[in-house]
Structures are given as structure tokens and as C-alpha cells.
Amino acid sequence: MALVDGSNVSISHLGLVAGVYDSLGIGDLIDELIPKKRHHIVSHGTAVKALILNSLGYVERRLYIMPDYFDDIATERLLGQGIRPEHLNESLFGETLDAIARFDPTQLFTHISLKMMNTLPLQTPRLHHDTTSIMVTGEYDSDFQTRKIEIVRGYSKDHRNDLNQFIISLTTNQHGVPVFMEPLSGNASDKKSLLRSIQAVRENLVTDQRIYHIADSAFYTKPNLQTLGTQCFWISHVPHTIGDAKALIQQDSVPWLPCTDERYHSHELHSEYADVPQKWVMYHSRDQQIRSEKKFDERVKKQCKKDETSLKKIFSRDYACAPDAQGDLDRWFATHPRYLPENTQVTTTNRRPGGMKGRPKKDEVLDRVFMISCSLTFNEEELNREKKCLGRFILATNDCEIDPNTLLDWYKEQGAVERGFRFLKDNSFHISEIFLKNPDRIAAVSMLMVLSLMVYTVTQWQIREILRDQKKTVRDVKKQTAKPTTKRIYHLFRRVRQIEEVTDSGKVCRILNYVEELQDITRLFGPGVEKYYG
């Protein structure tokens with residue numbers, strides 16, 4: 001038997017990716033909404049599938065060397081008969097990105113999301129909204145006059161204010177599966193973006209379920225609450241900068257009640273903030289207090305340096321009388337209760353009138369002015385009170401019937417959307433690196449980034465649901481598990497390859513390293529995945 005030249009190619013976990021992509025009907029829907037207008041071997045739906053395979057391929061390959069990536073991939077098996085690596089070139093993907101941009105990335109993703117939710121028995125009673133910034137480097141051509149996004153500097157959540165960026169607004173369900181996305185300009189406001197995403201989801205998602213929209217403290221503003229009112233149920237973190245919240249956090253005596261999770265205690269009350277009836281629940285987290293106490297002294301010392309600079313401004317002022325100087329100093333300490341004055345001194349000196357500088361003239365009448373100074377000492381009583389309040393936070397909801405335990409559990413699911421952002425920024429998923437100059441294409445790529453997240457999270461949700469229903473497990477690093485990550489499942493398939501051999505009866509295609517363990521996993525997903533390894 002002789003090996004056919006160039007036939008030793010990889011399938012690895014990409015059969016899983018392709019199978020889930022097909023099962024969601026993504027390619028067919030894209031071809032329906034943005035069909036190719038000229039004859040092409042590769043449709044837009046198949047081009048997007050190729051980009052998703054690259055995105056979830058765990059390799060470091062830029063978009064412009066895509067054909068090199070597919071040299072080692074079983075393209076005909078994964079993408080369709082007759083599709084070869086040379087067909088998957090920069091021109092093809094440029095056309096696809098332009099078509100997505102013209103159609104509108106958000107609208108296209110919304111169509112895909114609605115189809116996904118109609119295809120899967122995926123309950124979405126809780127939707128989590130958040131935004132993140134994606135850093136980009138290079139020069140961006142303003143002549144494109146994009147109507148999608150602007151690549152500009154703004155508040156960087158990655159603390160890279162020196163780089164341009166764009167924003168992704170993302171909504172996931174409680175399992176982390178994305179149901180809405182929108183690319184935004186780099187200086188977009190979180191407060192407005194979160195409200196827009198909630199309104200967009202409510203407009204497109206028609207369901208009989210009771211939906212809760214959950215967002216962090218950036219959402220909790222008077223305009224946002226007054227806009228939504230009681231139109232839908234929401235849950236949010238109350239900013240400590242709000243006067244009533246700050247007073248509640250600093251309250252000395254609180255009638256705490258234990259939560260189901262013994263690490264937390266709660267205290268609930270009614271609020272009318274922004275003229276919207278709602279429930280506030282203040283929690284105390286034992287673990288959060290321990291973490292905060294470790295950093296408390298360091299933060300106090302760092303803030304003290306800033307406060308000393310502020311106090312020196314008072315020391316440098318001239319006052320008409322001693323009471324004025326003392327009053328100014330007292331007001332400063334009233335707004336900085338962490339400190340107490342020590343060794344306060346009032347001194348006098350003579351100045352030329354009107355702020356004139358230089359040596360006084362003979363017989364010139366000088367003004368007598370007063371100056372004040374002191375040293376700082378820490379107010380230990382105040383610092384102890386602050387430490388006592390560490391680990392406290394407030395959650396708010398307009399569902400006044402919800403109990404504190406459920407409210408806490410549902411808000412903690414906000415980690416699902418944050419894990420999605422870590423996925424998008426993970427170096428393992430190469431599509432998150434942006435090497436495009438056209439901002440419209442960047443908007444299209446951002447949609448593909450979130451689409452990759454959808455395929456990844458749906459895979460994880462499906463395998464866990466199946467394993468739970470069938471009471472089965474798969475191999476993890478050290479033991480069996482019924483809750484594997486998609487990345488772990490992908491890793492198990494890393495050695496699967498395809499070869500073609502010439503025998504007396506003709507060419508024979510063989511799948512290598514497709515052991516029984518992997519066959520069991522593909523059987524769990526069904527024929528849609530099995531066909532890629534058959």
C-alpha cells in the first residue's frame with residue numbers, strides 16, 4: 001500500500017466544531033440572508049465555517065495566511081467536496097467580511113441567535129449583559145467612512161489607554177451561550193450600551209418565559225431605571241457612590257440574616273430610587289472581607305499620599321484671619337474622616353497688597369495674612385469602622401418578591417458573560433487578534449468572534465446535558481467528570497488524522513487515532529458529528 005501524496009491531514013476536534021456549526025443551521029441561514037451573487041465554489045456560509053474552524057483551531061495563524069493553515073486540514077471532509085486550501089484565500093474572506101458588514105453584523109447575529117434558540121431546548125430565563133474593550137494596533141483608514149464603528153481611544157478595561165480600541169456589547173444566557181452582540185465605537189458609554197442591549201433583546205426575543213436582565217453597576221443609573229421602569233425584570237449591582245447605598249454600607253448596626261450559602265449574610269429593604277419601586281438586599285461576604293482586608297492597609301497608605309497633596313493646598317493659602325484658616329482646615333478633616341489633625345499651628349506674615357511680588361517699596365503698607373499647618377495622624381476608630389464594612393455590597397431588583405438567596409445566586413451567574421470575554425481575549429483563539437484596517441471588516445470579525453463563542457458554549461452545554469441525562473462521564477485530566485469543558489473535549493481529539501492509501505482495489509480513506517473513547521463521545525453528539533469521523 002502507498003500513501004497518497006498530501007493526504008495525511010488533520011481532523012482533530014474540528015469535526016466537533018463543524019458538526020455543531022451544521023446542527024445550528026448557521027451556514028444555511030447565512031447563505032439565505034447574504035447569498036453569493038456570482039458563481040463561487042465557496043459560499044459565504046462555508047467561508048464563515050472556515051473562519052470558525054480557524055478561530056477554534058488553537059493555532060497562531062493570521063487571517064492573511066489562511067491557505068497555509070488549511071494545508072494540514074481535511075478541508076473536503078470538513079467544508080465540502082471539492083473545497084481545497086487554495087480556495088480559502090484572503091480575497092474570499094474579504095468578500096465575506098464585506099458582505100457581513102453590509103448586511104449588519106448585529107442583525108446577522110440576531111437571526112442566527114433566534115434560529116439557535118428555536119433549534120435547541122435552551123431555556124433563557126436569565127440574560128446577562130456586559131461590555132468589553134478589544135485593543136487594536138496599527139493605522140485605521142478613515143477614508144472608509146464606516147457607518148458601523150469608529151476605532152478610537154476610550155476607557156480601556158484592559159488598562160491600555162495608549163491603544164485604539166472598539167467595544168463589544170454581549171448578552172449571554174445563564175449557561176454563557178451568547179444571544180446578542182453589538183460592535184461599538186471605542187468611546188461608547190457602558191451606561192447607554194447596556195440599556196441598548198436590553199432593549200434590543202426585548203424587541204427581538206418573543207417568549208412566554210419570565211426573563212430577568214442582569215447587569216453590573218454601570219447599568220444602575222436613574223435614566224436607565226426610569227426608561228425600563230416596570231417593563232421588564234432586572235437585577236443589578238448598586239454603585240456605592242449613590243448616597244443611600246453609601247449610608248447603608250456604612251451602617252453600624254445591621255440585622256443580618258444567614259443565607260443558604262454560609263459564607264454570606266443578607267439584609268433586605270425597600271427602595272424607591274429613581275421613582276421605581278424595588279428591593280435592595282445588602283450582603284456581607286466573609287471571603288470578600290478577608291480578601292479586602294489584605295489590601296486595605298496598602299490602599300490606605302496609597303490614598304494618604306494623595307490626601308497629603310490635597311492638604312498642602314490649604315497650607316499654601318493666605319487667610320484674612322485665624323478663624324478662616326481654622327474653618328478651612330476643619331472642613332477638610334470633616335470630608336476626610338480617616339485622619340485627625342496634630343500639632344496645628346497658625347502663623348502670620350506680611351504680603352504686598354493685591355498679590356504684588358518683589359521687595360516692598362519704602363513706606364508701602366503691607367497686608368497681614370494668616371497661614372495654617374498641621375501634621376496628619378490616622379483616626380484608628382474610623383479605620384476600624386471601615387474595616388468592619390468591608391465585604392458588603394448591594395443588589396437591587398424590581399421583582400420585590402424574589403428571595404435574597406435566589407437573587408444572589410442569579411447575580412453570581414454574571415460570571416458567565418465575563419468568561420465569554422476571557423474566551424474572546426484568549427490567545428488560544430486566534431480570531432481575537434485584529435489585523436484589518438477597514439473598521440467595517442473589524443465589526444464583521446467581532447461578530448465572528450462571538451459566533452465562535454456560541455459554537456464553543458453550545459458544545460459545552462450539549463455534552464454536559466447529555467452526560468447528565470445518561471449518567472455518564474468522560475475522562476478529565478486526573479479523573480472522570482460529567483462536566484467537562486469544551487476545551488478539554490477538543491484536547492482529546494487532538495491526534496485524529498485522515499490518510500488516503502492506494503490499494504489493489506483503489507484508494508482507501510482511513511481515520512487514524514479515532515479510538516473507542518472518542519467514538520463514544522461523537523455518538524453522544526449524534527450523526528451530525530459522527531459523519532465527520534466516519
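Let's start with two helices, α15 (415–425) and α16 (439–470), which each supply at least two residues of the lining of the second largest pocket. As you follow along, keep in mind that this is a predicted model. Of the elements around this second pocket, α16 gives the most to the lining, with eight residues. The lining as a whole has 21 residues, and those nearest the pocket's centre are His175, Arg419, Thr457, Gln460 and Arg464. If you sort the lining of the second largest pocket by class, you find seven nonpolar, six polar and eight charged residues. The space inside the second largest pocket comes to about 580 Å³.

Now for the largest pocket, which holds about 950 Å³ of space. Here 33 residues form the lining, and His240, Ile249, Arg299, Cys389 and Leu390 lie nearest the centre. Several elements give two or more residues to this lining: the helices α10 (243–249), α11 (286–315), α13 (380–388) and α14 (404–412), along with the strand β13 (392–397). Which of them gives the most? That is α11, with eight residues in the lining of the largest pocket. By class, the lining of the largest pocket divides into 10 nonpolar, 11 polar and 12 charged residues.

Helix α1 (residues 14–23) and helix α3 (residues 44–55) have axes that come within 10 Å and cross at roughly 140°. Angles over 145 degrees would count as roughly antiparallel, so α1 and α3 are oblique to each other. The crossing of α1 past α3 is right-handed. On the α1 side, the contact is made by Leu14, Val17, Ala18, Tyr21 and Asp22, and on the α3 side by Gly45, Val48, Lys49, Ile52 and Leu53. Together, the residues of this contact between α1 and α3 comprise seven nonpolar, one polar and two charged.

Helix α3 has another partner to look at. The axes of helix α2 (residues 26–33) and α3 come within 7 Å and cross at roughly 135°, which makes α2 oblique to α3. This crossing of α2 and α3 is right-handed. Gly27, Ile30 and Asp31 of α2 meet His44, Gly45 and Val48 of α3 in the contact. By class, the contact of α2 with α3 has two nonpolar, three polar and one charged residues.

Notes: Residues numbered from 1 in each chain as written. Predicted model: local features only at pLDDT ≥ 70, side-chain atom pairs only at ≥ 80, totals over all residues. Heavy atoms only, no water. 1 Å grid on protein atoms, 1.4 Å probe; cavity = no way out; pocket = protein on both sides within 12 Å on 5 of 7 lines; lining within 4 Å. Points joined across faces, edges and corners; volume = space filled by probe spheres on them. Helix = DSSP H or I, 4+ residues; strand = E, 2+ residues; numbered from the N terminus. Nonpolar A, V, L, I, M, F, W, Y, C, P; charged D, E, K, R; others polar. Axes fitted to C-alpha atoms, helices over the stretch in contact; angles between N-to-C directions. Parallel < 35°, antiparallel > 145°, perpendicular 65-115°, else oblique. Left-handed = near helix turned anticlockwise from the far one by under 90°. Contact = heavy atoms within 4.5 Å.
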